[in-house]
Amino acid sequence: MSAVVTSAVPAAFLQAVKVDYWAVLPLLIVLGGALVGVLVEAFAPRRSRHTLQVVWTLLTLVASLVVLAGWSRGHEAKTLGGSVVIDGPTLFLQGTLLALSILAVLTMAERFPGQDADAFTPMGAATPGSPYEAAAARAGLTTSEIFPLTLLSVAGMMLFPAAGDLITMFVALEVLSLPLYIMCGLARRRRLLSHEASLKYFLLGAFSSAFFLFGAALLFAYSGSLDLVTIASTTSAAAPELNNLLLPGVLLVLIGLMFKIGAVPFHSWTPDVYQGAPTPVSGFMAACTKAAAFGAILRVAYTAFDGSRWDWRAAVIAVAILTMVVGSVLSVTQTDMKRLLAYSSIAHAGFVLVGVMAFDKAGVSGTMFYVAAYGLTVIAAFAVVSMIRENGSEATHLSQWAGLGKNHPVVAGVFAFILLAFAGIPLTSGFTAKYAVFAPAVTDGGRAGVIMVIIGVLCSAITAFVYVRIIILMYFTEPSSEDVTVLVPSPMTTIAVTVGVLLTFALGVVPGPVLDLAGQASQFIR
Amino acid sequence: MHSLITETGVVTQAATGVSSVGWLLVALPLFGAAFLLVGGKATDKWGHHLATILSWAAFVVGAAAFLQMLGNDPEHRSYHLRLFDWISAGGFKLEAGMLLDQLSMSFVLLVTFVGSLIHVYSIGYMAHDPNRRRFFAYLNLFVASMLLLVLADSYLLLFVGWEGVGLASYLLIGFWYTNPAYATAGNKAFVVNRVGDIGLTLAIMAMFAVFGHVDFASVQAGVGTASKGWVTAIGLLLLLGACGKSAQFPLQSWLGDAMAGPTPVSALIHAATMVTAGVYLVVRSGFIFDASPDARLAVCFVGAITLLFGAIVGCAKDDIKKALAASTMSQIGYMMLAAGLGPIGYAFAIFHLLTHGFFKAGMFLGAGSVMHGMNNQVDMRRFGGLATVMKITWVTFGFGWLAILGVPPFSGFWSKDKIIEAAFVGDGWQPWVFGTAALVGAGITAFYMSRLFFMTFQGKKRWSDDVHPHESPLVMTVPMMVLAVGSAVLGLILGVTDMFPTWLEPVVGGGAEEHPVINKWVLMGLTLVLVIVGIALAYVRYVREAVPVAPPKGSLLTQAARVDLYQDAVNEGLFMRPGIHLTRGLVFTDRKGVDGAVGGLAAFVGGASSRVRRLQNGYARSYALTMLAGVVAILGVMWVIN
């Protein structure tokens, strides 16, 4: 019995761990940057705090990205005793996450005409509508802790796809989630909704973490290890009486992960949270959380569970189909722009799952390309949403968008382009991305792959209806209210939107370089 | 593809020296067009000068490349200029490149020289037009596209130029678009040209399907191994494309209406250059037509029918520009016929194209000069006796008139006579049919062109009271004089020693002396007799007899010719009405059938959506329950399955 226990302790605890610092340096930079950010929050004078935090956060992210692109690429290896695996997919996704979070931070830092970040409340702890809150606003308080929180969350996201064992993965999951729970509750306007979103996200997130842990425990019981490679190697060699533990374990771990991407039926939180959260945070979650969670799903599906995939495949295929159908059908009747984007993100998650289920290198590269392309577009989308206002608050009801093209042709044009990208119209990245995930599903996914792609294409048609209807609303309907205006954004939001839209276009016209990069980076280290 | 071998074993070499900057030919006028269009009102004052300078600059580049070419021996005059990798899709790779050989060089010189002259002329002609800058931008766009068309080394790149000239033509026909009739004329040209373009696109697709390539060299290399049916199909599709662009039967109807554009446009695009692109296409694709006698026969028929059709229509038109347009159609018919005759005709098709480019452009400019002096009057029954007041126009137009008639030693004689001669070469019925058509056409041409000339310049004055005809300014007459000199001597210089056919021979072949079924001296005499009869008839009817200001009723044939032999009625009855009914039917099916199905489906999706939406009730507890139910369902089902 004692022998079992000894072998169950992760190898990391028993031997001197060798660390390849170049490989994990990007991660360390972000973590360190987050800690320094906390210190800045504590010691910097209030007036300069916002500027300092924004500059520091951007510097941290850029530095991490530079190190990643410049040095980490040459250090693909398992490190930290196998707990962290820096390989092609990890690096591609970490780079994507860093790039996306730079754009997201730019949108979070938007002040519009005000003094502080426009999207965030001056005092998160104050009861909404209380005198305390009003006093905080008068005193010029600000929740600039949003930036270190973002960095912490990004660090968790970067670790998520790199995890080499289930414990590391769980830690990463919690590191990325906990800051997000707080960030969701810090909206400046409609604060009750924001608090509700935060609480719901926290409760349901905790619920799903429990599933993940339960699954990990079952797999530990099955294989005697939490190491992904060991689980994979045990799959064929385990004692037959333990076989009944494998399938539930795998499914529960996957369910815990699929919660994060908003797959149906674990999606219920998505619309409420996206609607309640500060708009830039919604964009950040839609882009980065998805990218990280798909990285983790790819990691476990391709390195730990691929031996048993014929047993569990059907469940994920069913989830993928359900996700596409429910996401697209429900987006038809949405009346709130943020909820609509939430359902759209659910549908997109379904499309990406199709690529995951191809079980081929092309599926990996297609998935990674999709999350990168979608992330760029969705951050720009939420940034545009944050600019449309009526009487100061965000005009998220669809009726408020009527006739936007007449008075604000540029903004409406940009948003129309973003919607076309979501719909997957050629010459946008949406088209190439869909092709990148559907093609391997057809060639390598067998009959199930073909069925998923057919359903995926039909669902794309449904979502196209939704998006085009908004374009019609913006251009061919009379404005419902004269009070709807578009705030003039600072260069930061402008940069984020411009970069997002230009890359959406570029990835649609010349996707070659990025597709090639994703293709080269699609080999997991076991 | 550093070098390619053409059918006569000519080596095409990579471009060096001047020819390596051949891309400037296209780039210079294209820059001008873009600059004037983007520059906006800021360039209003001097934009037309810039456009003219750029057009001349293109001519200089072309002339320099021509001189470089002359420096080589005839077998080494062909240059290939690689530009960039254009399309790279899987196994299909296509480079954008330029082919500067004797054939394309002839076109480059014609297009840039005549085009530049017409730029100069337009400075005077469009002096008072508020949209002068836009006009010159379009002219430059046209020159760039036309040069791209003739310099392309693949059918796909040719197609880009092909559409470019189509666009320029459309924009310029409808240049005065505030006049609905002119705008309609532009649309008509556009629609008819689309029919031809479908032919060309299908031809390119067929080439891709059969040969896997669309560049000239590879297609030529593949023709020998392809099936005869495919080659014929490609040939006929190319012919359809050529018919659309060159206003050949049965796609000729747009050219007459295209005269709605400003007269310099008619001279450059709808007489001298663009409309001859179809002839270029056929000659350039000679290797396809050589491999398919059926396709070649079809080209001959199209040419013969059009040359007679145009000539007959030309006899009845009273609008000076429309009469010239009919004549253009007829002359291009000659070229098409020559191109259909194969290697014995290719060189003469291009030769006639060249001389025609000069004399017809000259006559159009002359017509423009007449209109300029006559308050934009175009009805020849309102002209008469202009020779006295517009001396320069009269003389220069007269040169063009003698040239098109084929009176020796004017240019047309050297080129047209050769075509008639070549049409009589061959066995069986073909030389008799095509030869007779060409011969009779020459007689009719003499009649209607003389009619035009006499009605305009000779006879009694039939002007309205309010016009005071006067000679045009020098900026307009100098280009006319230059073109008149060309009309007079170009044929003599290039034709008397067979210099031009020899120059083209490495590209298009030919050379071997063929004997027509009638002795060629007899033919020449017969042609001249017919021409003299035509002139005499016209003289009797339009100089000796008074020309009524109101057109007489005329014979049935005249009435038919006045309405272009009912071509619009035929098109309307055969295509437009059935087309309208078809679209109406489709709209009905679409509304009731497709929209019904789609609408029903959308309603179903919407209904499902609102029902499922109720599950999203906002309570965290029911969300958690949904999740739990999902987990239980998945685990349960998977447990059952395994």
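## Domain 1 against domain 2 in chain B

In chain B, 25 residues of domain 1 are in contact with 26 residues of domain 2. The model is predicted. The domain assignment of chain B places domain 1 at 1-206 and domain 2 at 292-555. A further part, domain 3, is assigned to 571-641. Between domain 1 and domain 2 of chain B, the C-alpha centres are 26 Å apart.

The size of an interface is often given as the accessible area lost when the parts come together. For domain 1 and domain 2 of chain B, that buried area is about 2100 Å². Carbon and sulfur atoms account for 80% of it. The count of salt bridges between these two domains of chain B is 0. Polar contacts link 3 residue pairs between domain 1 and domain 2 of chain B, with both residues of each pair at pLDDT 80 or more.

## The domain 1 side

Which helices of chain B each supply at least two residues of the side of domain 1 that touches domain 2? They are α2 (47-70) and α3 (102-125) of chain B. The largest share comes from α3(B), with 15 residues. By class, this side of domain 1 of chain B has 17 nonpolar residues, 5 polar and 3 charged.

## Chain A against chain B

The two chains also touch. Here 34 residues of chain A are in contact with 21 residues of chain B. Together, chain A and chain B bury about 2300 Å². Of that area, 76% is on carbon and sulfur atoms. Three residues lead on the chain A side: A:Leu204, A:Ser268 and A:Thr333 supply 19% of the area that chain A buries against chain B, more than any other three residues.

How many salt bridges does the rule find across the interface of chain A and chain B? The count is 0. Polar contacts are found there, in 8 residue pairs with both residues at pLDDT 80 or more.

## The chain A side

Several helices of chain A each supply at least two residues of the side that touches chain B. They are α8 (191-223), α10 (243-261), α11 (269-276), α13 (309-332) and α14 (337-356). The largest share of this side, 8 residues, is from α13(A). By class, the side of chain A that touches chain B has 23 nonpolar, 6 polar and 5 charged residues.

## Salt bridges

Over all chains, the count is 20 salt bridges. One salt bridge joins the side chains of A:Glu394 and A:Lys338, at 3.9 Å from N to O. This pair links distant parts of chain A, 56 residues apart. A:Glu394 is in strand β4 (residues 393-394) of chain A, and A:Lys338 is in helix α14 of chain A. Helix α14 of chain A is also one of the helices that supply at least two residues of the side touching chain B.

## Annotated spans

UniProt, in an unreviewed entry, gives chain A the feature "domain: NADH:quinone oxidoreductase/Mrp antiporter transmembrane" at residues 163-455. This span of chain A is 78% helix and 2% strand. Its end C-alpha atoms are 32 Å apart.

For chain B, an unreviewed UniProt entry places the feature "domain: NADH:quinone oxidoreductase/Mrp antiporter transmembrane" at residues 152-437. That span of chain B is 76% helix and 0% strand. Between its end C-alpha atoms the distance is 34 Å.

Key: Residues numbered from 1 in each chain as written. Chains lettered and ligands numbered in written order. Predicted model: local features only at pLDDT ≥ 70, side-chain atom pairs only at ≥ 80, totals over all residues. Heavy atoms only, no water. Domains from an automatic or database assignment. Contact = heavy atoms within 4.5 Å. Buried area = accessible area lost by both parts, 1.4 Å probe. Salt bridge = Lys/Arg side-chain N within 4 Å of Asp/Glu carboxyl O. Polar contact = N/O pair within 3.5 Å; in protein donor to acceptor, adjacent residues only side chain to side chain. Helix = DSSP H or I, 4+ residues; strand = E, 2+ residues; numbered from the N terminus. Nonpolar A, V, L, I, M, F, W, Y, C, P; charged D, E, K, R; others polar. UniProt positions renumbered as here; feature names shortened; annotations may be inferred.
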